[in-house]
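Open the structure in your viewer and follow along. Each stop says what to select and what is there.

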Amino acid sequence: MIVTIDGPAGSGKSSTAKKVAEQVGWHYLDSGALYRTWTLLYVMGGMDLALFEEVVDVHDITLSVDKHGTEPLLNGEKVGDSIREQRISEHVSTVSTLQAVRDKVNAEMRRIVQKHNFVADGRDLGSVVFPDALLKIYMVADLDERAKRRFAEMEKKGIPASLQEIKDNLAARDATDSERAIAPLTKPEGAIEIDTTQLSFAEQVSRISSEIQQKLS
Ligand code: CDP
Ligand code: CDP
C-alpha cells in the first residue's frame with residue numbers, strides 16, 4: 001500500500017510524510033532524495049547534461065530500507081547530507097528533466113514498493129508513478145513561508161545558505177518542475193489539497209493520518 005504526498009519544495013511534504021509513516025507503522029519514501037543523488041553524481045562528474053544522460057545506465061542509485069529509515073545509495077555507498085547542499089538544489093530540477101534519470105528513479109521506487117508499505121513524497125507520485133495509491137495528498141504553502149521554513153531547517157543542520165538564495169531557488173524550481181514536459185508537478189486527479197501556510201505541523205500530520213485510517217477502515 002502506498003500514500004503519496006506531492007507538492008512544491010518546502011510545503012512540508014517530507015517531514016509530514018516521515019511522521020505519518022511512523023504513526024501508521026509504514027516506511028517513508030523520499031523520491032526527491034533519489035533525484036538529488038543522481039544530481040550529486042552529475043555534479044561530481046562535471047560533464048555536459050546530454051553526455052550525462054548517456055552514462056546514466058552505467059550507474060545504480062538504490063534505496064536501502066531498514067528499521068532506521070530509507071536512504072539512497074550511490075553505487076552502493078551512502079551519500080548522507082551532501083545531497084541537501086545548495087549546489088545540488090541548484091541543479092536538481094534540471095537533472096530531473098532527463099527521461100533516463102526519471103526511468104531509473106521510477107524503476108527503483110516500483111521495485112521497493114513490492115516489499116513494504118510506504119508514505120512517499122515527490123512531484124509526480126500521485127499523477128504518474130502511483131496513480132492507484134490508497135490516498136493522494138497535494139500539499140502547498142506560500143513561497144515566503146516555505147523559504148523561511150527551509151532556511152530554519154538548513155541553519156539547524158549547519159548547511160550554509162541565505163534566505164534570499166533559498167527563496168530564489170524555490171521559485172526557480174517551482175517553475176522548472178511545473179513547466180517541464182515529462183511528469184510535471186501538478187495536483188493529481190483525486191488528490192486532497194492541503195495548504196499548510198496557516199497550519200501547525202501537528203495539524204497536517206493528524207489530518208493525513210485520519211484520512212488514512214478512514215481509507216483503511
Ligand atoms: O526537499 P525539497 O522539497 O527541496 O525537494 P526534493 O523533494 O528533495 O526534490 C528535489 C527536486 O527533485 C525537485 O525540485 C524536483 O526537481 C525533483 N523531483 C522530481 O522531479 N520528481 C519527484 N518525484 C521528486 C523530486
Ligand atoms: O518536503 P518539503 O520540501 O515539502 O518540506 P520539508 O522538507 O518537510 O520542510 C518543511 C519544513 O517546515 C520542516 O522543517 C517542517 O518542520 C517545517 N514546517 C512544516 O512542515 N509545516 C508546518 N506547518 C510548519 C513548519
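Which atom of ligand 1 lies 2.7 Å from a polar side-chain atom of Arg36? It is an oxygen atom of ligand 1. Keep in mind throughout that this is a predicted model.

**Stop 1: ligand 1**

Select ligand 1 and the residues around it. There are 19 of them, and Arg36, Arg102, Arg150, Asp177 and Arg180 come nearest.

Now show the side chains. Start with Arg36, where a polar side-chain atom sits 2.7 Å from an oxygen of the ligand. Go on to Asp177: an N or O atom of its side chain is 2.7 Å from an oxygen atom of ligand 1. Then pick Ser93, which places a polar side-chain atom 3.1 Å from an oxygen atom of this ligand. On its own, ligand 1 has 530 Å² of accessible area, and the protein covers 98% of it.

Colour by secondary structure. Which helices each supply at least two residues of the shell around ligand 1? They are helix H2 (31–45), helix H4 (86–95) and helix H8 (163–179). H2 gives the most, with four residues.

Colour by residue class to finish here. The shell around ligand 1 holds nine charged, six polar and four nonpolar residues.

**Stop 2: ligand 2**

Move to ligand 2. It is surrounded by 17 residues, and the closest are Gly10, Lys13, Ser14, Ser15 and Arg150. Arg150 was also on the list of nearest residues for ligand 1.

Ser15 has a polar side-chain atom 2.5 Å from an oxygen atom of ligand 2. For Ser14, a polar side-chain atom lies 2.6 Å from an oxygen atom of the ligand. For Glu153, the distance from a polar side-chain atom to an oxygen atom of ligand 2 is 3.3 Å. How much of the accessible area that ligand 2 has on its own does the protein cover? The protein covers 81% of 540 Å².

H1, helix H7 (143–157) and H9 are the elements that give two or more residues to this shell. By class, the shell around ligand 2 has eight polar, five charged and four nonpolar residues.

**Stop 3: the annotated stretch**

Zoom in on Ala9. Look for it in the loop between strand E1 (2–6) and helix H1 (13–24). Is Ala9 buried or exposed? It counts as buried, because its relative accessibility is 5%, under the 20% cut-off. Beyond its neighbours within four places in sequence, Ala9 is in contact with Arg123, Arg146, Leu170, Arg173 and Asp174.

Step to Gly10. This residue is also in the loop between E1 and H1. Its relative accessible area is 12%, so Gly10 is buried. With neighbours within four places in sequence left aside, its contacts are Arg146, Arg149 and Arg150. Arg146 is also among the contacts of Ala9.

**Stop 4: Thr197**

Select Thr197, in the loop between strand E8 (192–195) and helix H9 (201–216). Thr197 counts as buried because its relative accessibility is 16%.

**Stop 5: two positive phi angles**

Select Asn75 in the loop between strand E4 (69–74) and strand E5 (77–78). Its phi is near 45 degrees, a positive value in a residue other than glycine. At 42% relative accessibility, Asn75 counts as partly exposed.

End at Ala183, in the loop between H8 and E8. What is the phi of Ala183 near? The value is near 45 degrees, which is positive in a residue other than glycine. Ala183 counts as buried, at 12% relative accessibility.

Note on methods. Residues numbered from 1 in each chain as written. Chains lettered and ligands numbered in written order. Predicted model: local features only at pLDDT ≥ 70, side-chain atom pairs only at ≥ 80, totals over all residues. Heavy atoms only, no water. Near = heavy atom within 4 Å. Polar contact = N/O pair within 3.5 Å; in protein donor to acceptor, adjacent residues only side chain to side chain. Areas by Shrake-Rupley, 256 points an atom, 1.4 Å probe, with all protein chains shown as cover. Nonpolar A, V, L, I, M, F, W, Y, C, P; charged D, E, K, R; others polar. Buried < 20%, exposed > 50% of the residue type's maximum accessible area, 1.4 Å probe, protein only. Contact = heavy atoms within 4.5 Å.
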